[in-house]
Amino acid sequence: MSGAVASESARRAARVLDDSFAVVGLTEKYGLFLEMLRKLLPSVKGDAETFWRDEAVRRENGNKCKHSTCAVLNALSADARRALNRTVAYERKVYAAAVAVHDRRCAERLGKKVCDAVPARSC
């Protein structure tokens, strides 16, 4: 795929995220994603607190993060990381758009103060 096609595809994907999604979740801010869903979805049958707590626990990584994205990235050599970054350059544009949409939706639904209080986990 040419750079121009990939760039246009990334731009279009970013626009669709903003125009079509009520919530965009980020793995590094998963708790906020669940809180936004809790606000948007109708009440669940039974104990809502238990339901949402169980959903948060289901996401926890049982392998203690030894196979996490960060663990894999940190195992790469500098040359391999540079090659990877070139390969996923357009995906990073889409991800940056997802972060922007997430942050906007979070502020709209939960309040900016709540969203800003949760730091992003990164490598």
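Trainee: Leaving aside its neighbours within four places in sequence, which residues is Leu110 in contact with?

Mentor: Contact means heavy atoms within 4.5 Å. With neighbours within four places in sequence set aside, Leu110 touches Leu32, Glu35, Met36, Lys39 and Cys115. Keep in mind that this is a predicted model, where local features need pLDDT of at least 70 and side-chain atom pairs count only at pLDDT 80 or more, while totals for chains, interfaces and linings use all residues. Residues are numbered from 1 along each chain as its sequence is written, and side-chain values use heavy atoms, with hydrogens and water left out.

Trainee: Which helix does Leu110 lie in, and is Leu110 buried or exposed?

Mentor: Helices (H or I, at least four residues) and strands (E, at least two) are DSSP runs, numbered from the N terminus. Leu110 sits in α6, which covers residues 89-110. Leu110 has 17%, so it counts as buried.

Trainee: How do I read the packing of α2 and α6?

Mentor: Helix α2 (residues 30-40) meets α6 at about 50°, and their axes are 10 Å apart. So α2 is oblique to α6; the rule is that angles under 35 degrees are roughly parallel, over 145 roughly antiparallel, 65 to 115 roughly perpendicular, and the rest oblique. The crossing of α2 past α6 is left-handed, meaning that the near helix is turned anticlockwise from the far one by less than a right angle (clockwise would be right-handed).

Trainee: Which residues of α2 and α6 make the contact?

Mentor: From α2 come Leu32, Glu35, Met36, Lys39 and Leu40, and from α6 His102, Arg105, Cys106, Arg109 and Leu110. Five of the residues in this contact of α2 with α6 are nonpolar, one is polar and four are charged. Here Ala, Val, Leu, Ile, Met, Phe, Trp, Tyr, Cys and Pro count as nonpolar, Asp, Glu, Lys and Arg as charged, and the others, Gly among them, as polar.

Trainee: At what angle do α1 and α6 pack?

Mentor: Helix α1 (residues 3-20) and α6 pack at about 15°, with axes 9 Å apart. That makes α1 roughly parallel to α6. The α1 residues in this contact include Ala6, Ala10 and Leu17, and those of α6 include Val94, Ala97 and Val101. In all, the contact of α1 with α6 has 10 nonpolar, two polar and four charged residues.

Trainee: Where is Leu26 found, and what does it contact, leaving aside neighbours within four places in sequence?

Mentor: Leu26 belongs to the loop between α1 and α2. Its relative accessible area is 4%, so Leu26 is buried. Beyond neighbours within four places in sequence, Leu26 contacts Tyr95, Ala98, Val99 and His102. The C-alpha atoms of Leu26 and His102 are 7.4 Å apart, although 76 residues separate the two in sequence.

Trainee: How many helices and strands does the chain have?

Mentor: The chain has seven helices and zero strands. Buried residues account for 20% of its 123 residues.

Notes:
Buried < 20%, exposed > 50% of the residue type's maximum accessible area, 1.4 Å probe, protein only. Axes fitted to C-alpha atoms, helices over the stretch in contact; angles between N-to-C directions.
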